[in-house]
Amino acid sequence: MFNLSNETDYKLLSETKGYYNFFILTILFLFLAIFARLIILSLDNNTSSSNRVAGTSFKPLPTIYDLHKNTLAYSDYNYSVKNIKNKVRYLNRDVPLSEILESIYKGDPYIKFEKILTRKYPYSAITNNLIGHTNIEHQGVSLIEKFIDQNHNDIELSLDIHIQKKIYDSLYQDTLNLKPDYAMNVLVDLSSEEIISSVFLDNRDKLNKFDQTLLPLKDLKFDFGSVFKTFTVYSAIKNQKIGINEYFDVDQPVYIGNKIINDYPYNSNIPMQVGDILKKSSNRGAILIRRNLDCESEFQVDLEEIGLLKSTKIGFGMKSVEPTVNNFRGRYCDNIPFGYGLSVSPIQLVNAYGKIITGRDNFMASFEKQEKQNKNKYNQISNTINKLLFYANETNNDLYKNFLVAGKTGTADQTVSSNEKIQNVTYISFFPYNNPKYLNLIFMQNPKESYGKFMTAGNTVKPSFYNLLKEIYIYLDLSIINPKSTDI
């Protein structure tokens, strides 16, 4: 204790009070200095923004949500640190506020800060090549981002981010096993015509990856191979040129011009019915079926009606690339029926199958959230096709029987260079076949491994589909179906 009657103690108390006042004044000074610095920083930011955008400030873009209001893209601010001595040099971007304050304490007059409006993507790892991106001026420049930059309203996609994640994880594991250059999967709700998942995985060297302005579902196009055999059968049935019990002798040589067409693997010495031509994916059988049709007045007309010969809308102002159509005369009219001679985008393939299996001529899958529930318009053609594709899709997988999965595989060669060819593998499926609710497209380019002896779609993407269906069926509007009650 201090004794105020003691002169020494009194002086010590006086000195302590002086130190205390000095400490308070120092803290107050530092607070005012920091406050003033932040005000200057704010003014500097406003000036910087004005200089960069010709007297205007950046405005936040609308928010993008998934089907259940999960945020997929939004605008927010972050800080960047730059050194303006001599030439402006950014030292760090997206800097935490604690590091900003540390720089302020150092008091370097050449260190400046920018408060920058940026675009945040919480699920960027699983929505790549889907949403698009903005430029440095915070303007949408591609895909959905470009659309909302022009429309200024928050939007809801049909995408279900939970299902997207499940499919992404499953497909990623299969790409590790099969080693394709890239892979994609598209899942569509047939009643609402909504794309509820669109996954893309690019495993190539970073220097060869797709530009982020591309949406693979609409911007790529391929000869998809044997999945086109379905359209050949559809056209022949629609024009009443074949019966499903009719036999075709696929063991006799079939020529396109001077070129003989082979089936792989070679078939037995038994003529095939239509269902077996689809099941064994007979090239000869598809050509023989098409030759019952007039190429231009029947086959070509049907391809036009189901949307394979023209670009298509995909929602939010986006359109698919134009298909590459070879001459329908001569040998090309025989190539297209079994999967060559016509290159289309994945969305065109999805829509064509959607039209055929639902019986709805105006079917059009979209990323936009729809406020509609369409009923399938069953007719003799769609019923027959669906039943044939369920038979052709037969497999030992329990999910095939439990959910009545119909589908068609396709394997197509692609020439990369004069001395290099690769294979594209496709599997398009829908379920349940007698009341289709969902359609799925899975595709891989150039897988290096397979789950079977041959490098075919049946040994690559088809098993991959059942792997992902196992992960997601519980989240879909499905129930285990009694296989005994499958008549249409």
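**Entry 1. The chain as a whole**

How many helices and strands does the protein chain have? I looked this up before anything else. I counted 14 helices and 18 strands in the protein chain. I note at once that the model is a predicted one.

I then turned to burial and surface. Of the 488 residues in the protein chain, 49% count as buried. The accessible surface of the protein chain is about 24700 Å², and carbon and sulfur atoms hold 51% of that surface. I also examined contacts with a separation of 6 or more in the protein chain; 68% of them are between residues 24 or more positions apart.

**Entry 2. H138**

I next selected H138, which sits in the loop between β4 (111–120) and α3 (143–151). Is H138 buried or exposed? Its relative accessible area is 5%. The cut-off for buried is under 20%, so H138 is buried.

I looked for the polar partners of H138. The side chain of H138 makes a polar contact of 2.8 Å with the side chain of S75. A polar atom of the H138 side chain also lies 3.4 Å from the backbone oxygen of L117.

**Entry 3. The disulfide**

How many disulfides does the count come to? I found one disulfide. It joins C295 to C333, with an S to S distance of 1.8 Å. The two cysteines belong to distant parts of the chain, 38 residues apart: C295 is in helix α9 (residues 295–305) and C333 is in helix α10 (residues 332–335).

Why is helix α6 described as largely enclosed by the rest of the structure? Helix α6 (residues 229–238) has 10 residues and nine of them are buried, so the helix is largely enclosed by the rest of the structure. The buried residues of α6 include K229, T230 and F231; T232, V233, Y234, S235, A236 and I237 are also among them. K238, at 29% relative accessibility, counts as partly exposed. After α6 comes Q240, which has a positive phi near 55°.

I followed K238 to its partner. The side chains of K238 and E305 form a salt bridge, 3.6 Å from N to O. This pair links distant parts of the chain, 67 residues apart, with E305 in helix α9 and K238 in helix α6. E305 counts as partly exposed, at 46% relative accessibility.

I then examined a further salt bridge, between the side chains of K241 and E298, at 2.8 Å from N to O. K241 lies in the loop between α6 and β8 (247–248), E298 lies in helix α9, and the two are 57 residues apart. K241 is partly exposed at 32% relative accessibility, whereas E298 is buried at 14%.

**Entry 4. Other salt bridges**

How many salt bridges does a search of the whole structure find? The search gives 15 salt bridges. One that I looked up is between D181 and K448, whose closest N and O atoms are 2.9 Å apart. D181 is in the loop between α4 (161–178) and β6 (182–189), and K448 is in the loop between β18 (438–445) and α14 (461–472); the pair therefore ties together parts that are 267 residues apart in sequence. D181 is buried, with a relative accessible area of 16%, while K448 counts as partly exposed at 41% relative accessibility. I also recorded a network of salt bridges that links K69, E156 and K369.

**Entry 5. A nonpolar patch**

Which residues form a nonpolar patch on the surface? I found I84, V88 and Y110 there, with about 250 Å² of accessible area together. Y110 is in the loop between α2 (97–106) and β4. Its relative accessibility is 39%, so Y110 counts as partly exposed.

Technical notes
Residues are numbered from 1 along each chain as its sequence is written. This is a predicted model: local features need pLDDT of at least 70, side-chain atom pairs count only at pLDDT 80 or more; totals for chains, interfaces and linings use all residues. Side-chain values use heavy atoms; hydrogens and water are left out. Helices (H or I, at least four residues) and strands (E, at least two) are DSSP runs, numbered from the N terminus. Buried means under 20% relative accessible area, exposed over 50%, partly exposed in between (1.4 Å probe, protein chains only). A polar contact is a pair of N or O atoms within 3.5 Å; within protein, one must be able to donate a hydrogen and the other to accept it, and residues adjacent in sequence count only if both atoms are side-chain atoms. A disulfide is a pair of cysteine sulfur atoms within 2.5 Å. Contact means heavy atoms within 4.5 Å. Accessible areas come from the Shrake-Rupley method with a 1.4 Å probe; for residues, only the protein chains shown count as cover. Patches are made of residues with over 30% relative accessible area and no salt bridge: like charges are joined within 9 Å, nonpolar side chains (Val, Leu, Ile, Met, Phe, Trp, Tyr) within 5 Å. A salt bridge is a side-chain nitrogen of Lys or Arg within 4 Å of a carboxyl oxygen of Asp or Glu.
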